[in-house]
Every structure is written in C-alpha cells, then in structure tokens.
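Let's go through this one together. Some labels used for a structure like this deserve a "how do you know?"

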Amino acid sequence: MTEQNSKILILESEPDILMRKHSIEDFPNESCGFMYGYETETERIITIARPVINSKEGDQKRRFEISPFDYMKAEAFALQKNLTLLGVYHSHPQHPAIASVHDLKSAMPFFSYVIYSVMNAKIDDVKSWQLKDNGEEFYEEEVRLTILNTVNKIQTT
Ligand SMILES: [Zn+2]
C-alpha cells in the first residue's frame, strides 16, 4: 500500500527565498502563492514559486484566498513549464506555522500547504501540511531547505 505521506518536501533555494521575501513584504497581511515542481519516489521538489494576490475581502491579517481565475492560470503555467502544480504557500503573520481550521476547510487533496510563520516582520519558521486520505485532517510533511542546513528552524539574521 502506497502512502504518499512518506515523501519529503524539498524547497529549492530560489522559490524558498522568493516566498520568504513575499511573506515579509506583505506583513502584517498574509501572503499567498503557488508552488511548482516535480516528484520522485521519495521526494517532492519545489523548483518555482509564484506569488498571487490575496483576494480575501476584509481581514487579510488572518485569512487568505486565491481566486478561481488564479487557479486556472496556475494550472496553465504548470502545463506550459512541464511542471506539476504541487501546492500553495501562505504566511502566518504573528502566528506559528501551524495549519488553521480555516486552512483545513479550504485544503485540497494532493497539494502541499507550506506555511511561513512571520514574527515581527521576520521569518520564524516554515512547515508544510498535506491532507490525510480521509480529507478531514492534515499531517505534517517533512521539509528540507536547501539554503540552510536546518530542517524547520531558521536563522533570520
Ligand atoms: Zn493559514
């Protein structure tokens, strides 16, 4: 029985840096965007990240939303680049990188949900979440960063 649970999420430095910058720039609002890449038997490798507009009406400090049109554009971009649309990233301003109930409600199967925790306009942590097969809860994916030799905990200076 194959569980995709065992794959390690690898963030290549270029998309990782872009997502960090975006999350800091949009602070104290939530940033969001798509992640693209490819998979092997044991790994899911993110090679490109592309920001999208947080289309949430109202409080963007605690919520993000991506429009259906942006999802369509993301699918088209993946096809064009011969990459797989692997997930969505967003930031948690002044909150830990733990997926919220709201994140769970809007989550789709297969996608990795990478969350950057931004504390006082600095990246504090990154975690990734994926829906379990029952679709009712997340499990945490192992994240490997290529710009730093640490898993999860990040030096910001
Ligand atoms: Zn969230």
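Q: How do you know which strands helix 2 lies across in this predicted model?
A: In this predicted model, helix 2, residues 68–81, lies across strand 2, strand 3 and strand 4. Contact here takes C-beta atoms within 7 Å of each other. Against strand 4, helix 2 runs at about 130°.

Q: What makes the reach of helix 2 close to the expected one?
A: Helix 2 has 14 residues, and 20 Å is expected at 1.5 Å a residue.

Q: What follows helix 2?
A: That's N82, with a positive phi near 60°.

Q: Why does G135 count as exposed?
A: G135 has 10, so it counts as exposed. You'll find G135 in the loop between strand 6 and strand 7. L104 is 31 residues away from G135 in sequence, and their C-alpha atoms are 8.8 Å apart in space.

Q: What makes strand 1 and strand 3 a pair?
A: Pairing takes at least two bridges. Strand 1 and strand 3 are joined by 4 bridges, so they pair, and they run parallel. In these strands, I8 stands opposite E43. Both strands belong to a closed barrel of 7 strands, in the order 1-3-2-4-5-6-7.

How values were computed: Residues are numbered from 1 along each chain as its sequence is written. This is a predicted model: local features need pLDDT of at least 70, side-chain atom pairs count only at pLDDT 80 or more; totals for chains, interfaces and linings use all residues. Helices (H or I, at least four residues) and strands (E, at least two) are DSSP runs, numbered from the N terminus. Two residues are in contact if their C-beta atoms, placed from the backbone, lie within 7 Å. Axes are lines fitted to C-alpha atoms, for helices over the stretch in contact, and angles run from 0 to 180 degrees between N-to-C directions. The expected span of a helix is 1.5 Å times one less than its number of residues. A residue is buried if 20 or more other C-beta atoms lie within 10 Å of its own, exposed if 12 or fewer, and partly exposed in between; C-beta atoms are placed from the backbone.
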